[in-house]
Amino acid sequence: MKTEKILTKYTHIKDYRNIETYLKYDGYKSIQKAIELGQKGVIDTLTASQLRGRGGAGFSTGMKWSFIINKPFPRYLAINADEGEPGTFKDRFIMRNSPHLLIEGIIVACLTLEIETAYIYIRGEFIEEANILEKAIEEAKSKGFVGKNIAKTGKNINIWVHRGAGAYVCGEETALINSIEGKKGQPRLKPPFPAEVGVFGKPTIVNNVETIANVPYIILNGADKFLEIGVPKNGGTRLIGISGHVNQPGIYELPMGFSFKEAIYSVAGGVLNNRKLKAVIPGGSSTPVLLPEEIENLTLDFDSIQSAGSMMGSGGVIVIAEDTCMVKTLLTLEEFYAHESCGQCTPCREGVPWIRDIIARIESGHGKERDIDKILSICDNMMGNTICALADAAAMPAKSFIQKFRNEFEDHIKMKKCPFNAKN
Ligand SMILES: Cc1cc2nc3c(=O)[nH]c(=O)nc-3n(C[C@H](O)[C@H](O)[C@H](O)COP(=O)(O)O)c2cc1C
Ligand code: SF4
């Protein structure tokens, strides 16, 4: 398997964040190439590379870009740097260590899609990263990559860093659009999709930071080189954030199709204190949990993880070791989702706090046997019945935890206490 790095190849280099250093390592070269390829050439290349969105859903980036080409002007680009999903910290790594890579990708997108204004919607807590981006944009302006008449094309590009205020739901693309417009950060019903009605009612492309950071490499090196690194239909690499009970948590750039077990045991140094592996959440906290036997021969790519019954999502692998109480773990997740529900849809507003409360009751030893099926039934009533996927994000872990660790929920109820107690 080819293990070339795309996003972290140069991040170890001193001052790589600065434009002078960035320029020495192929920085901003893809802009000229994109101009030569033209709109059709860039979109065809991206489509052929099979670059899939790194924000969670894995949608084809080339196809998404193609949706906007016949739409009216002005058009907008919104970069999703909200990164709120627990277990996910990869976009922060890019913005902190390689801000110009993101800006270069934004410029290619803007030139290709005839966009003059791009917003980087960044999570409010990322103060340092927002400052790094502001500085990098100023540097790019001073070199003529941002501003007026970019690369003598006659086209203008402005990039604005727009800070969020700490709401997870603002990572959902239509809530993000509302928030950019200065409205309450609540999701909109789709359709219409952002490519049709986005920022200020205009056609908008929303892409994740990591997605856009892959664009310069693909344009400069071609679709085939990108595909060579990954596996069929899953081109390139992923920035995998490994956290939880591992010896070396962190961000690792791994080729798509890399062995899941190797990622945990060799890349991240194995399970903490040599404990046995109990479970893994593969793609951020909303993705269904997997058992050790389910990752035995599993590879890190969208299709494999989907066929194992879960999702690659945002690439946040959360490792859970033996002796961890799965009821308490689920409670922590549901406390988060209940807090983050925006309250527009009844199944989410009522359902998520309801399952949180039932799980809390079970964890504290006051659960009833019927509670377990009650949680499952509430989840079934939430899924697919709301404006955005936050309700599903809360329901999927609950369903999978119960499906795979039902005995632990039952033990809490029978013993009238948490059997793990002090161990957690
Ligand atoms: C509740 C919720 C939160 C989300 N949070 C994020 C986020 O923090 N970052 C992100 O890129 N996508 C997030 N998404 C997915 C976005 O709606 C959207 O699909 C993504 O930004 C598209 O970019 P991509 O095609 O490059 O992946 C979230 C979705 C939901 C339903
Ligand atoms: S599903 Fe939840 S977070 Fe999403 S729009 Fe409805 S209430 Fe808001």
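Predicted model: local features only at pLDDT ≥ 70, side-chain atom pairs only at ≥ 80, totals over all residues.
1. The buried residues are Glu173, Thr174, Ala175, Leu176, Ile177, Ser179 and Ile180, and after the helix comes Gly182, whose phi is positive, near 90°.

2. As background, nonpolar side chains tend to be buried together in soluble globular proteins.

3. The protein chain is divided into domain 1 (19–229), domain 2 (237–321) and domain 3 (326–423). The centres of domain 1 and domain 3, taken over C-alpha atoms, are separated by 35 Å, yet eight residues of domain 1 are in contact with eight residues of domain 3. On the side of domain 1 that touches domain 3, six residues are nonpolar, one is polar and one is charged.

4. The shell holds 23 residues, of which Gly53, Gly55, Gly171, Asn208 and Thr211 are the closest. Strand S4 (204–208) and helix H16 (390–415) each supply at least two residues of this shell, and the largest share, three residues, comes from S4. Sorted by class, the shell around ligand 1 contains eight nonpolar, nine polar and six charged residues.

5. Ligand 2 is surrounded by 15 residues, and the closest of these are Cys342, Cys345, Cys348, Thr386 and Cys388. Helix H14 (346–363) and helix H16 each supply at least two residues of the shell around ligand 2, and at least three residues of that shell are drawn from each of domain 1 and domain 3. Its make-up by class is nine nonpolar residues, five polar residues and one charged residue.

6. The last point turns to strand S5, which covers residues 237–244; seven of its eight residues are buried, so the strand is largely enclosed by the rest of the structure. Strand S5 pairs with strand S6 (residues 250–255) in the antiparallel sense over six bridges, and a hairpin of five residues joins S5 to S6. Within this pairing, Arg238 has Leu254 of S6 as its bridge partner. Strand S5 also pairs with strand S10 (residues 316–321), here in the parallel sense and over four bridges, and the bridge partner of Gly241 in S10 is Gly316.

Note on methods. Residues numbered from 1 in each chain as written. Chains lettered and ligands numbered in written order. Near = placed C-beta within 6 Å. Nonpolar A, V, L, I, M, F, W, Y, C, P; charged D, E, K, R; others polar. Buried ≥ 20, exposed ≤ 12 C-beta atoms within 10 Å, placed from the backbone. Pairing = 2+ DSSP bridges. Domains from an automatic or database assignment. Contact = placed C-beta atoms within 7 Å.
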